[in-house]
Amino acid sequence: MAEHKEIDQPTGTEKVGHEWDGIEELDTPMPRWWLWTLYATIVWGVAYTIAYPAWPMIEKASDGLLGWSSRGDLHADLAAEEERRAPMTRAIAQIPIERLPEDSELLRFAVEGGRSAYKVNCVQCHGSGAAGFPGYPNLNDDDWLWGGDLQAIHQTLEHGIREPGNRESRYSEMPAFGELGILNRDEMNDVVSFVRVMSGQDSASNASRRGQAIYDIQCSSCHGADGTGNRDLGAPNLTDSIWLYGGDRESLYRTVDQSRYGIMPSWGNRLDPVTVKMLAAYVHSLGGGEELVEQDDSTEVDTNTDDAPDPVTQNERPAG
Amino acid sequence: MNDQPANLTDRETNQFFEARKKVFPRRIDGSFRRLKWVIMVVTLAIYYVTPWLRWDRGPYAPDQAVLVDLANRRFYMFSIEIWPHEFYYVAGLLIMAAIGLFVVTSAVGRAWCGYACPQTVWTDLFMHIERFVDGGRREQYKLDDAPWGPKKVAKRLTKWTLWLLVAIATGGAWVFYFADAPMLARELFSGTAPQTAYFSIFILTMTTFIFGGFMREQVCIYMCPWPRIQTALMDDQSLQVTYKHWRGEPRTRGIKRAKAMQAEEVDASSLLPPGDCIDCKACIAVCPTGIDIREGPQIGCITCALCIDACDEVMRRIDRPEKLIGYTTVEDEKLAMAGKVPEPPLKRLLRPRTLIYFAIWAGIGLAMLFVLGNRSRLDIDAGQIRNPLAITLSDGDIRNGYVIKLRNMEQRPRDFVVTVEGIEQAELWTDLQSRAEATRQIRFEVPADSVARRTLYLAAPAEGPERSDILFTVTALDDETATASAPTNFNRTGN
């Protein structure tokens, strides 16, 4: 390489030896400060790996003289964020859940906080978009087994559904009509026919008329004479378009035959009260949330839940 | 002549790195020098004064005429306020700046480098400070060669202190563009300004100090990308500082000898008539990048034209016509060498290349002005929630969700109404309401100069096409002509 070098006559500089379309490159020396810049970057690089964690050891990387770690940064950031949120979370802790909508800023904060808590704790069963799966309710719709106002959602979250050993957990069980031998095959088929008529999927038939008689005896105590369900018992509304396990004949038959119901853990002993409240606000905000009917009189909530017409009125409203 | 800089080409070969040749240009006066003074004063005045101009925008916005408000993501320039989603205006300005350089370079060569570039302006300022402290060129070289002693230390410290003061003023002025200038100034002096401000000032002070004081022409030659690009933008009709070798060569030596020889018009030792160049090296002495313009066009030449001033002075003294070194184009150079008359300057400026560059530049500018004049200060975005897309409600209706962004870009809180078109019987409600409260339109109050982000739900009967085109429209309650729309879809199936 070096032996072929030529000297450029006008400048007296060596040529690099390349030629592109008659243009040749001179081997002009770099300025010396550039050399020193290179040395400085090398020194900097070595010093940097000493000051910060870098060198791989057997167990872990060297700690670095400055004691810096990205985990430490994260903890500091989280603490600062916690500090920033403290006034809002304190306010949420103090306000009863049903009064949250009175402060729209607080409600907005709770919804956003609930959104992130949902992503961690709830997506496993209810899906990332809260659209659910068969057996795991869709939280976007307006059909609620146990009630869809803030208080009812909060209660469900706090104590769960059918959680073993939790006395305050919401509880109900549908009998497995087939497996227990209460109804035979034909009777169950007739009931299924009637339920499909009730929900407007089929028109009345002989089978459905036979099924209605069985329904009145076996089912109406929980699902209501008109089939609109009972939220005190978590008994689904059979007249609407929403089916937790599917509304086709096969699914309905299996439900009657074997009985199906889900279990949701109580979150009151897993998450802090503020997070549970924020989750309730978020679930309520997904589009199907209902208004609290007797909003201002929280002491009468107990009597309210005994009121049969309550769910009915809820159902009548959007139908128009 | 020991005050002449070492010839750039006079070096040992086989050397990979070489020490910088120090350049101490001689002071010169002349028409181009005076032009440089004017441009320096004007550009520095614009730079230092702009942040202190006030502009009343009412109680909801800062009253600084030019302000880059990074924290609130707003850019204020007199009556214009740019939001982040309008960043294309800034992109447009940057494109205009680039094409503006094309226009200037294709027309008058590296005028930007020679007169307006910050590196040139501050280097020039630093050189004047240097001469003020150390004296003229001869003293500067002498002092540079002298061993370190009390006098040299004192002079160096004085010079560096003055440079640092200028550099601090430079860095300090820059941060004022990013915060309320009077308030930040008070904070800076009381020590309560944000860390970022001090850090920015420190960085800009050090870069100004080092680039203006020590790196100087090295920034132009080794670090700056413009010279490479500019070379490609220039053609045979672009102006450049040219040594008219056809007039100057062969060189004669010394004024007396030159005068004698030129009187005879015959060089005793050659058959050629003597040239006008007397090889006095004044052009080299005044050059801030330390080059010899007589070697032809080169990357070190920033066309600052100080060599023209220097040469003209000499030409006047030896009674020869001026502009032995002057702005010339390659075309004119050819004409002159063939003994013809150069083209008039205007004809050289107005040629397809410059006109096309100028048309593009002006087109972008006019388009931006037009868009700026017609832009709405109200905007709506509607993003459909796709997870889940369509939800069946208990009565069989279908519900879709949308994230609506309302931008109220005026300096006052305003009430807006959002409506939807495209579907009969559409019911709207927000995520803080329930369907029982659904209506045909939703009212929002949006605070001054801010964006409201809201979730809207829309329910409609299941009967209908799988997908309908719908249009969200926002209308200001106080002014029905202030509206904006966002198209989106309503899906009846999905998930």
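Buried area is the accessible area that two parts lose on being put together, summed over both. I kept that in mind while browsing this predicted model.

**Entry 1: the parts of chain B.** I looked up the domains and found domain 1 (31-89 + 97-225), domain 2 (240-354) and domain 3 (378-491).

**Entry 2: domain 1 against domain 2 in chain B.** The two centres, taken over C-alpha atoms, are 34 Å apart. Together these domains bury about 1600 Å², with 61% of it on carbon and sulfur atoms. I then checked who supplies the domain 1 share: B:Phe32, B:Ser106 and B:Arg110 give 34% of it, more than any other three residues. On the domain 1 side, α1 (31-49) and α2 (88-108) are among the elements that give two or more residues. That side has nine nonpolar, four polar and five charged residues.

**Entry 3: chain B against chain A.** Here I counted 33 residues of chain B in contact with 40 of chain A. The chains bury about 3100 Å² between them, 53% of it on carbon and sulfur atoms. In chain B, the residues losing the most area are B:Phe17, B:Ser394 and B:Leu432, together 22% of what that side buries. I found one salt bridge across the interface: B:Asp431 pairs with A:Arg108, their closest N and O atoms 3.4 Å apart. There are also 14 residue pairs in polar contact.

Entry 4: Strand β3 (residues 30-31) of chain A runs parallel to β1(B), joined by two bridges. I spotted A:Pro31 opposite B:Glu18 in β1(B).

Methods: Residues are numbered from 1 along each chain as its sequence is written. Chains are lettered from A and ligands numbered from 1 in the order in which they are written. This is a predicted model: local features need pLDDT of at least 70, side-chain atom pairs count only at pLDDT 80 or more; totals for chains, interfaces and linings use all residues. Side-chain values use heavy atoms; hydrogens and water are left out. Domain bounds come from an automatic or database domain assignment. Buried area is the accessible area (1.4 Å probe) that two parts lose on being put together, summed over both. Helices (H or I, at least four residues) and strands (E, at least two) are DSSP runs, numbered from the N terminus. Ala, Val, Leu, Ile, Met, Phe, Trp, Tyr, Cys and Pro count as nonpolar, Asp, Glu, Lys and Arg as charged, and the others, Gly among them, as polar. Contact means heavy atoms within 4.5 Å. A salt bridge is a side-chain nitrogen of Lys or Arg within 4 Å of a carboxyl oxygen of Asp or Glu. A polar contact is a pair of N or O atoms within 3.5 Å; within protein, one must be able to donate a hydrogen and the other to accept it, and residues adjacent in sequence count only if both atoms are side-chain atoms. Two strands pair if DSSP finds at least two bridges between them.
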